[in-house]
Amino acid sequence: MKFQILFVVFFVSVLSFPSKGPALEVPPEWKFKKISTPHFDIIYNSTQQDLGELYAQQMEKAFELLSPVFTSVPQKTLVIINDKTDATNGYATRVPYPHIMTYPVLPGPQESLSESGDWALELLAHEYTHILTFEPANGFFRVLRGVLGTIAAPNILLPSWWKEGIAVQTESMLSEKGGRLKSMYQDALLRAMSDDKTLQNFDIAQVNEYIPTWPEGMRPYVFGSVFWSQAVSDYGASVMNSLNQRHAGRVPYFVETPAKDLLKDNYEGFYKKAVRETDTRAQAQLKKLREKPPSEVHRLPIEAKYSSAPAISEDGKYLALITVDYKADRVLDIFTRDPETKLITKKLKVEIKKEEEPLVPKNNDGPPSGSIQKISWFHKSPKLIYDQLHYVNRTERYSDLYLYDLTTEKSEKLTSSLRGREPSMAPNDDKVVFVKLEGGRTRLGVYDIAGKKDEILYSPAMQERISSPIYLDAETIIFALRNAKGEEGLWTYSFKDQKVTSVLTDFAQARFPVMTKKGMMFTSAKNGVHNLYLASADLKTAKPVTHVTTMVSSSAMDPESEHLYVTYMGSVGPSVVRIAKENWEKTPEELPQIEGLFADRYKNPLRAPAAAPTPEASPTPAATPATTAATAVTTTPATPTPAPSPSPTPQYEITDYSPWGYLWPRYWMPFIWTSSEGGLSIQAMTSGADPLKKHNYDLMIGWNTFLEAVDWSANYVNNVTNTPIQATAAQTHSYLVTRDNLVNDTLFSVSGTPEVWKFSEKLTLSLGWRYLERSVTTLTPTKRTGPFVSLIYKNMTQGGEQFTPQSGGGAYLMAVEYIQGVDLFSHRQYQAGGVYYFSKFLPKLHAIVLRSSIMYTPEKVSYIYGTQSDSMDFYGQDLSSKFLARGYSTGQFVGRSMYNANIEYRFNVSDMYKGWGTTAAFARRLYAAVTADAISTDGFAFDFTTEKYTAVTSKDVFLSYGLEGHFETTIGYEFPVNFVFGVYQGTDKKYAPEPRWDFAVQLGVF
């Protein structure tokens, strides 16, 4: 094709822009060790040996419980404990080897994961279930695995609801109280949708997807677990392994035959049965709960998808809420009293947004925890304190405490890397009580605002969760404590005698204490539903003040009207509602009782076979000073006391972590396709990394039958220090006009990415050196080498319902100097560009996008050392080096310097979110863009009238305009694919004699 003569120029320009490479997985200064057990290698921070030993013990327990259920088990699985974030999450994969990445902080009280029992066991069992479902390869795939390696794992390509649902099922089978299928949070969610007649609205295709409506990213977990609970109830636990083994020998995406054989129905039919059964159970619970009139809830007139964590100032003037909007921005909003209604619903022009977060990586299989979790007003001034999860550097992400002054309308960051959440003010406004986080553990802490110091008051056992601490008075703190058995109750801490004491011991799952005008209120699931209770002054008895059919959590009371503001679970998610004083005062003292929605299915937890005698135990770690200082615990027999520390871990081998044994290739992936020129392109690639990703590489080699040439590339990233080093080498072939003019390009490059976080977390700096060599059959070979520098600024996010960012932008700058030397061709080259998004005054989800790209070469070099134009955006990345001249052909403009400007008006057309049963294709949404481009170059442009390239200068500006349609899909259950259709017209008929109809496929762009 005549316009591919400069494809090699595009290739070199892409490679010359430094790729980011895999991000730092752990802080480089952390030292790691490895515990080797019979079935696992546990890799942990050397300062957290107790956590490493706990995880080693719990992983072997998970193996004992799950290996009888699943018959294919890997010889060894790696488990990485990565305590770099206060967001609860994790993932599991078998590529390049079976491994589990865990972020071990305990989940907060408002999360979907909040009602765990033995958190470490449930987390690890969930992730290990993924490893076990990915492991089998039967029939043809057994042979294929012997050839291709670990990547031959057909069950990785099963639907998300299948994989996540079976993992939630196993986590729920392990204990009497833990797991999401026994969670009152999930039960409340399902009852709310059943009550609103929407539970059966989600078909099996939709529950596989992230859709920006409730329950959003929880869909595969909630509805997948409903499916598997029904399957195991009908056919026993063996059905999990039977289906897993059957799929492991089948061609991916043809999934129905095993279901028809083993479930006596196709997946869609059995899923509908499971949801109908769940709906029936939920309706029975609703009927039972309505034997007494439920509380009347009144929605607040606020614009938000979700809201939570109400906090009312002591003088009753202000209400603060955490809200989530259609962009998935988690915002702290403040409201004042409406003079007409006397309700605190008039929004102030104040918003405290979460700090910028990237989208959650696809391989994280757990819904992440939120950003701001709790807000608390000062008692004597219009200020509030809140926690916020943010990046403290480019690797670690922790919670800190912030102060907001309503008078000055300014925020102040109080702490740095404190790892503190759920703050509450002392009566004198001088101190803050908070929950201190670390992997597998929480502590009760106090922060002195004036002295800027924090102190640990109480450290419960590993895996016990402290939440929602508040001051009862200047000498007493009350907080919720959940132990490793899944029991949760309220406890007080006395500053006077440094003791903790359990209170209100008859109230199961007690949490969310709050001081009100009427006294201390808290939530409890005493009747099987989380309701709000008012405690007596002596903290021995309490009476309910809400009776809801779903659940309530955090709450506040208006001191003027005595109305309650509570976080309420509805069919479209959590929201803050108002319950009038005259209504809550009439709440029955005895509420109807219910059990868990699926309680009858989980009365007999999994039991491991009788274990052989364990090796000699290691010594029990000494208690920390904080633990020792608060060991005097007063309890009554009915109080849910803290669970004892885990039994001593068997004395497994402990060694220093070494990355080297993990780096040899474990798989290779073949590719083959035809090209427009003719012939075949055959490639093979592999990649590797150690578990901590301190070393990463990828390799590719290919053969082009048309050019009869070998292409190859190699890339290596070293993350051992705070300055990642990347080395790249590549060879590619193309041709000029005909294949007789073969072009051979070779690249060698090394670069570093220094830490510039202290200047701005939005900047990325790269410094390096490259060598380029080009040989053309009909020309003298040229060589270039020299240093380069690039700087990237990014200040934009995209989330929720957005198909494009609607505000912010970014820019990049790169410069390279090819130096003089023997046989070296010297010149300079600069690239720059940027993007800006604007949506103010536009309809919802509409955005104007302004983009520019520049390549400038001062010297009069040949155009083949410059760049070329593209006829479409083939990659879907706005902040990248590209030159769009839609309406003209790819490569129609070439030159040593090039200047490009684009403007687009993007707007939504249709949200489809539709699939077809278990067909591995899902239609998400359609949006469009009106486009306009301008391009000029110091080089050449292809003239259709003469069918030749003619010389042009930068003063010659070529314009075009067009209309694009973007069809977003999910292909293969997992992979985002955007199909772009466009019609464009260049304004210069000599270079664009007729409109162009173009098509592109963009991978992974949403």
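F40 and Y128 are both buried, meaning under 20% relative accessible area, with exposed over 50% and partly exposed in between, for a 1.4 Å probe and protein chains only. This is a predicted model: local features need pLDDT of at least 70, side-chain atom pairs need pLDDT 80 or more, and totals for chains, interfaces and linings use all residues. Numbering runs from 1 along each chain as its sequence is written, and side-chain values use heavy atoms, without hydrogens or water.

How many aromatic pairs does the structure hold? It holds 39. Rings of Phe, Tyr and Trp (its six-membered ring) pair if their centres lie within 6.5 Å; planes under 30 degrees apart are stacked, over 60 edge-to-face, the rest tilted. F40 and Y128 are edge-to-face, at 5.0 Å and 65 degrees. F40 is in strand β2, Y128 in helix α3, 88 residues apart. Helices (H or I, at least four residues) and strands (E, at least two) are DSSP runs numbered from the N terminus.

Next, W161 and F227. Their ring centres are 5.0 Å apart and their planes at 70 degrees, so this pair is edge-to-face. W161 lies in helix α5 and F227 in helix α7, so the pair ties together parts 66 residues apart in sequence. W161 counts as buried at 2% relative accessibility, F227 at 0%.

Now the sheet. Four strands form an open, antiparallel sheet, ordered β6-β29-β28-β27. Strands pair if DSSP finds at least two bridges between them. β6 and β27 stand at the edges with a single partner each, so one side of each lacks a neighbour in the sheet. β6 pairs with β29 over 2 bridges.
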